[in-house]
Amino acid sequence: MSGHTDMVLVDDEGMRIDGRTAEEHRPIKIEAGVLNNADGSAYVEIGKNKVLAAVYGPRECHPRHLQNPTKAIIQCKYNMQAFSVSDRKRPGPDRRSIEISKIISEALEKVVLTELYPRASIDVYIEILQANAGTRCAGLTAASVALADAGIPMRDIVPAIAAGKADGHVLLDLNKEEDNYGQADVPIAIVPSTDEIVLLQMDGNMTREEFDHAIELAVGACHKVYDIQKDALKRRYSRNTQEGSDE
Amino acid sequence: MEKRNARQTREIVVPGDILDSSGMKPGENAYVLDGKVRASAMGVRNVFQNTVGVIPLRGCYMPTSGDTVIGVIVDIGPSNWLVDIGAPYPAPLHVNEVPWKVEFGDTSRYLSIGYVVLLKVLSVDESKKIQVTMKDSGLRRIEGGRLVRIPHSKVSRVIGKSGSMISMLKNMTDCRITVGQNGMIWVDGDDENADVAVQAIKMIEEKAQSGNLTDRIKEFIESKIPQDEIDDEGEE
């Protein structure tokens, strides 16, 4: 958002530097149930982003003072590995990862039936293995698949994707260059059954019309992500149904 | 209820999937949105009369009163024990709920940490406070044998249709087997037979979603334990 470059992010034919059109998202790959020791897990690749999510619980909530006597709480930890970016990231929580942890757990709270597990806690761990813009969306996408994989009752699965603006064009699913040298970045997560928005942030500037167009693009793409998420979960079990075990 | 539909096509649903839009009632793990019944957990779609629900494939054990469970003592208080029964909440076993007369503060003389006990869930209240009891016929401390843990969603497969699987396991391996509703299974018998029984249970856990499970397990046990040992059981 901040930097300046002579790079042409969108050429005259509307083609982006990685060969996508403005309304195309990066290739997405999702796999559910990749970890044995977590109650639920998922691995997501969106372009060059690589994200691993693990879910534990519902389990007894520690520390005790965080317990809610009427519903379960969702504790989310978003963490970037030191090797996830080209300049080594200093390990440990920082302002950015604390913020992302908070917004992701709030988005998930909207769909999980937390009132079924009073006093309990559902722990979500999101590890960014490789980052290339849009990790909060990839993290949330992975986390909701991991929650469903853990068998946690929830109203719906949450897909997330970003839209933004670079070189004066409204683009879907910004990559690193577009994010760094573009004008705006708008990550969005929705509940597909109702099209409610559970996560919306904006970094940068856009006109009202551009913003509306960005939302429209992102909501459409969220439904595509949702199909990939569902497919990943169903694949996990058709794999088990066929003769051999998956071990 | 699930047994009746076990032979129907197994359609796997994920949270948010529409189960029915023709006015059926939501059953287990289902909710209504805009007149459509949707799934709230990942599992197998299950229709029973005019309700449609989901049989979960995964998920933690939620105790209900009356369940027979196997638990491990994890903590001792002056007037109770804390038992791990695999639920998200601790299950206290009060001294009034054991078949012995225990003096205050004398709890560790009867059950210590690590002991395995067969219990019944007495009650679970709204805030999910669990009470368990050992005061019923057959409930006791378990000694010897071995403990197998499986996900509680697979318990119904280990028991089988009206107990067919579990009775076959018991007859063919000549073991004493107790299945707790929470997915803890106690197996006792002589070493080799118990080994086979444990392996068979693990196999059921792994292949819970495949058909013809009882026959396959039967085949498996027959290959491990020579036929003549089981003749007297009249198992055919």
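## Two helices of chain B

Ser164(B), Met165(B), Met168(B), Met172(B) and Thr173(B) in α2(B) meet Thr214(B), Ile217(B), Lys218(B) and Ile221(B) in α4(B). Contact means that the C-beta atoms of two residues, placed from the backbone, lie within 7 Å. The residues of this contact divide into five nonpolar, three polar and one charged. Nonpolar covers Ala, Val, Leu, Ile, Met, Phe, Trp, Tyr, Cys and Pro; charged covers Asp, Glu, Lys and Arg; the others, Gly among them, are polar.

Helix α2 spans residues 164-173 of chain B, and helix α4 spans residues 213-224. Their axes come within 11 Å and cross at roughly 10 degrees. α2(B) and α4(B) are therefore roughly parallel to each other. Angles under 35 degrees count as roughly parallel, over 145 as roughly antiparallel, 65 to 115 as roughly perpendicular and the rest as oblique. Axes are lines fitted to C-alpha atoms, for helices over the stretch in contact, and angles run from 0 to 180 degrees between N-to-C directions.

## Basis of the model

This is a predicted model: local features need pLDDT of at least 70, side-chain atom pairs count only at pLDDT 80 or more, and totals for chains, interfaces and linings use all residues. Residues are numbered from 1 along each chain as its sequence is written, while chains are lettered from A and ligands numbered from 1 in the order in which they are written.

Helices (H or I, at least four residues) and strands (E, at least two) are DSSP runs, numbered from the N terminus. Strands pair if DSSP finds at least two bridges between them.

Chain B has an open sheet of three strands in the order β14-β16-β15, with antiparallel pairing. β14 (146-149) and β15 (176-179) are the edge strands, each pairing on one side only. The twist averages 20 degrees from one strand to the next. Four bridges link β15(B) to β16 (residues 184-188) of chain B. Ile177(B) has Val187(B) as its bridge partner in β16(B).

Helix α3 (residues 191-206) of chain B lies across β14, β15 and β16, running at about 155 degrees to β16(B). Ala197(B) belongs to this helix. Ala197(B) is buried, with 27 other C-beta atoms within 10 Å. The cut-offs are 20 or more such atoms for buried and 12 or fewer for exposed, with partly exposed in between. Ala197(B) touches Leu169(B), Thr173(B), Cys175(B), Ile177(B), Val187(B) and Gly189(B), not counting residues up to four places away in sequence. Ala197(B) and Ile217(B) are 20 residues apart in sequence and 9.9 Å apart in space, C-alpha to C-alpha.

Chain B is divided into domain 1 (3-56), domain 2 (68-142) and domain 3 (146-229). These bounds come from an automatic or database domain assignment. The centres of domains 1 and 3 of chain B, taken over C-alpha atoms, are separated by 29 Å.

Strand β1 (residues 12-13) of chain B runs antiparallel to β6 (residues 43-48) of chain B, joined by two bridges. Val13(B) has Gly43(B) as its partner. β6(B) also pairs with β7 (residues 51-56) of chain B, antiparallel over six bridges. There, Val44(B) is bridged to Ile55(B). Two residues lie between the strands of the β6(B)-β7(B) hairpin, where Gln49(B) takes a positive phi near 50 degrees.

## The interface with chain A

30 residues of chain A are in contact with 25 residues of chain B. On the chain A side, β3 (49-60), α2 (135-149) and α4 (208-241) each supply at least two residues. α4(A) gives the largest share, six residues. By class, this side has 15 nonpolar, six polar and nine charged residues.
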